Amino acid sequence: MNSSFDQYISNLNSNKDIYPHELFEFASNSERYELNHPQSLHDSWVTSITIAENRNKIRPFEPSLSIVLNLLGQQHDRDIVLNYFNVKSYEILGSENPFNYGDTFHGDVLTHEISIVDGSFQHVLELRSGSTFKVIFSEFSCLEQVYT
C-alpha cells in the first residue's frame with residue numbers, strides 16, 4: 001500500500017458514521033483494491049452498465065434513477081455487480097482500449113475511489129483506456145456471483 005491509499009482509508013474511517021454500513025464495508029475493504037485478490041476491482045472488466053429510470057405506476061412523474069455496473073472479476077471467476085440507487089448524477093466517458101481492443105473496449109479497472117460529495121456519495125472508476133465512470137448516489141449494494 002502507499003501513503004495516498006493510507007490517507008484514503010484514513011479519510012474513510014474518519015467519516016465512518018456518515019457512510020451507510022454496506023457502502024463503508026465495501027469502500028474500506030482493502031481486498032477491493034489489491035492487485036491480486038479475487039474480490040478486487042483492479043483489473044476487472046466492464047461487462048455492462050444499465051441505467052434505469054424507475055417509475056411508480058401510480059406516481060409516474062416521480063422517478064428514481066439507478067445504475068447497475070457489472071464487472072467481470074480480475075480472475076474471471078466471478079461477476080461483481082455494483083448497484084447505485086437514488087442516483088443524483090453520473091458521467092461515463094468511454095474510450096477504446098488502445099493497448100488491446102480485442103481484450104476489452106474500456107480496458108481493465110485501474111483505480112476506484114469512494115468519497116462524500118455534497119451530502120451524497122461518489123464512486124469514481126478509472127480504466128486503462130482512459131475511460132472513467134463517475135456516479136453520485138445515496139444508496140449502494142454490491143453483489144458477487146462466483147462461478148464454480
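Here is a walk through this structure, from the whole chain down to a few single residues.

Keep in mind that this is a predicted model, where local features need pLDDT of at least 70 and side-chain atom pairs count only at pLDDT 80 or more, while totals for chains, interfaces and linings use all residues. Residues are numbered from 1 along each chain as its sequence is written, and side-chain values use heavy atoms, with hydrogens and water left out.

Let's begin with the overall layout. The protein chain has 2 helices and 8 strands; both kinds of element are DSSP runs numbered from the N terminus, helices being H or I with at least four residues and strands being E with at least two.

A compact globule of 148 residues would have a radius of gyration near 15 Å, and the 16 Å of the protein chain agrees with that. The radius is taken over C-alpha atoms, and the globule rule is 2.2 Å times the number of residues to the power 0.38.

As for what is hidden, 41% of the 148 residues count as buried. Buried means under 20% relative accessible area, exposed means over 50%, and partly exposed is what lies in between (1.4 Å probe, protein chains only). The chain exposes about 8400 Å², with carbon and sulfur atoms supplying 48% of that area; accessible areas come from the Shrake-Rupley method with a 1.4 Å probe, and for residues only the protein chains shown count as cover.

S28 sits in helix α2 (residues 21-28). It is partly exposed, because its relative accessible area is 21%. Not counting residues up to four places away in sequence, S28 touches I9 and L12. The C-alpha atoms of S28 and I9 are 6.2 Å apart, although 19 residues separate the two along the chain.

Next comes the loop between β2 (64-72) and β3 (78-85), where you'll find Q74. Why does Q74 count as buried? Because its relative accessibility is 13%. Its side chain reaches the backbone oxygen of L35 at 3.2 Å and the backbone nitrogen of H37 at 3.4 Å. Leaving aside neighbours within four places in sequence, Q74 also has contacts that include E34, N36, S40 and H42.

H76 is in the loop between β2 and β3 too, and it counts as partly exposed because its relative accessibility is 43%. Its phi is near 55°, a positive value in a residue other than glycine. Most residues other than glycine have a negative phi. N86, in the loop between β3 and β4, likewise has a positive phi, near 50°. N86 is partly exposed, with a relative accessible area of 26%.

Last stop: D108, in the loop between β4 (89-93) and β5 (109-117). D108 counts as buried because its relative accessibility is 14%. Beyond its neighbours within four places in sequence, D108 is in contact with D43, S44, W45, E126, L127 and R128. D43 and S44 are also among the contacts of Q74.

Definitions and conventions: Polar contact = N/O pair within 3.5 Å; in protein donor to acceptor, adjacent residues only side chain to side chain. Contact = heavy atoms within 4.5 Å.
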